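Please keep the sequence and the coordinates at hand.

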Amino acid sequence: MSLLAFQSVLSRILVDANFRDQFIRCPQVACEEYRLSATEFKSLSGIDKARLALHSRNLLIGRIHLALNALPLTRELAETYIARLAEPYARFAVPRPGAAAPAYREGLRFCDFLLSGAAADVGLPEFVNDIVRFDRSTLLLVYSASALRDAQAAAQVTEAFCCDSTTVLVPGRHVVTLQFVSDFREALITRTSADFPVPRPVPLNLVLMRRPDTPDVRIVVINDSVLELINRFDGTRSCRDVVSSFSGGCVNHAIHAVAKLYELGLFLRRAEPASKGDDAGADCRSRPPCNLRGGW
Amino acid sequence: MTGTRLRCLQPREHAVDGESAVGPCQPNATAIKVGLGYRRPLHNDILNNKAQIDFLEVISEQFMHSVDDEASRLLSLAEKFLVIPHSVGLSVGTASPIDRSYVARLAKLIEKINPPWHSDHLCLTHVPEADVEQLTPLWRTWEALDVVCDNISTIQSLIPHPLVLENITYYFDLPAGDLTEVEFLNAVLQRSRCDLLLDVNNVYTNSINLDFNAMSFLESVSLDRVKQIHLAGGEWDGALLIDTHSRSVPDRVWELLQFVLSRCKPEAISLEWDSDFPPFSTILSQLERIRRIVSDCNHG
């Protein structure tokens, strides 16, 4: 008799939909590898199945909410689809214990689920993967102690471009107005320079794209006026001079955002030709090349 | 941690060798503290109504990881309030060695704020193979009792602050166990050196969903070991009452609280409200009602 085996079966029944289905269909086969005693098996088999299903579903919805709280942009897209995401998410992977924060673990798991295509039939917008990749990368930085320096940089950049209402252009495709979850944003705000003004809620002309496999942040310019501004930061004039002399069509805070980036030394990366599978870079090829300073 | 104003309650002496350290409800000059579960959306309201909140209960997991603003937020709260950490990850019921890295992180957090006690739940939340992430009922066997008491002993050796365990809600029972919930709970309290965080709403919720008498349950619990009480309100999902912590405390729970306070005097009572937040005045009115009941029971 092993209490741990009993608890393992119970836990899998609760969080592993495939195992739960197998247990309901044929409990003896499902439990075979655990070598339960007759009493243990009797107890597990005797659980009210309807209550078990309800408990499992409540657990699952709780997990999805936990994940979406850590993924503010994804939450904007996916929150209304939670009921339809529940079933495929329950079958995606068995959650394992870990040392990291529960929100971080569940957030990453949910990102991996969406990026795997397992939710392809749910009906999410076609650009969801771009948003998920961004959220995933930011989540990694926010919670990764070892990448704290990059988290600070990422927070500063994100603060520069995100406000109460943010227009994010997925290159060449859609414009989505998204709302940052205040809790998540607060975590980023505390890392930014105190003198940076909080932008008013107006559309932006830049999009922040993060490559999925590196902490680098790429800023893709989608507006010619802003591009013109950026090109004026050529190192021959002070930041203040550039901003004061600019009379282009940018909204105010875009000017401040670019100026702040320049002051912080977070240089803008030149848009690079897209490599295979690099969705973030795909539309950059259609844009005029940016005269940007390189490197982080 | 410098500059922190500590507002500790007097720690209670703990039982030795199963002897209850505190007898039946005794006159105590110290008033029962009335507090609130800290939730970030309520942060500003909490600060603006500090005088009406005796203490804050914080979810330990929200402050245990290396995200800068979390640590500073906790320390800031601890400078203004008595803060009691309430965890969900100790998983005292899991029949495998306690996660010492988790306990170490919890110990570090507790060391920062020096609470009079810390709390978790009498349940399991994970096994090595899977992470349930939610409070899961225990199969109440003699073996499970040994496991729980051993785990509590390990935790107490690693974290010197008193540990208090909460009774949980559960929507299914595990048949063929050796003990009832009350028997199991009382046995844990008797054998271990931990006290009880009595969640009265959890007792009520379970009584509805599992069809037993909540008052009889409370009459049988070792109320002399109640250190803290939780109150909350849930929502109906069909025929089941779900412990959502998103509604006002139900009338029946207020009645049960009055019964409990007529039998014992805990050190603290806290309201839990996790989502669907009402105007903060509604939350304050719930705290005020707790104070009135405390006063009516001559515990104020």
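**Strands, backbone and contact**

Leu36(B) stands opposite Leu56(B), a residue of β2(B). This model is predicted. The pair belongs to a parallel arrangement in which strand β1 (residues 33-37) of chain B is joined to β2(B) by three bridges.

Strand β2 (residues 55-59) of chain B is mostly covered, with four of its five residues buried.

These strands are part of a chain with nine helices and 12 strands. Of the 300 residues of chain B, 47% count as buried. Among the contacts in chain B with a separation of 6 or more, 79% are accounted for by residues 24 or more positions apart.

Most residues other than glycine have a negative phi. Glu133(B), which is not a glycine, has a positive phi of about 65 degrees. Glu133(B) is found in strand β6 (residues 130-136) of chain B. Is Glu133(B) buried or exposed? Glu133(B) is buried because 21 other C-beta atoms lie within 10 Å, and the cut-off for a buried residue is 20 or more.

The other residue is Ala176(B), where phi is near 65 degrees, likewise a positive value in a residue other than glycine. Ala176(B) sits in the loop between β7 (163-166) and α5 (181-191) of chain B. Ala176(B) has 16 C-beta neighbours inside 10 Å, so Ala176(B) counts as partly exposed.

The last step is the contact between the chains. How many residues does each chain give to the contact? Chain A gives 41 residues and chain B gives 33 residues. On the side of chain A that touches chain B, at least two residues each come from α1 (3-15), α4 (38-45), α5 (49-69), α9 (128-143) and α11 (182-189) of chain A. The largest share of that side, 10 residues, is supplied by α1(A). By residue class, the side of chain A that touches chain B consists of 21 nonpolar, 10 polar and 10 charged residues.

Terms used. Residues are numbered from 1 along each chain as its sequence is written. Chains are lettered from A and ligands numbered from 1 in the order in which they are written. This is a predicted model: local features need pLDDT of at least 70, side-chain atom pairs count only at pLDDT 80 or more; totals for chains, interfaces and linings use all residues. Two residues are in contact if their C-beta atoms, placed from the backbone, lie within 7 Å. Ala, Val, Leu, Ile, Met, Phe, Trp, Tyr, Cys and Pro count as nonpolar, Asp, Glu, Lys and Arg as charged, and the others, Gly among them, as polar. A residue is buried if 20 or more other C-beta atoms lie within 10 Å of its own, exposed if 12 or fewer, and partly exposed in between; C-beta atoms are placed from the backbone. Two strands pair if DSSP finds at least two bridges between them.
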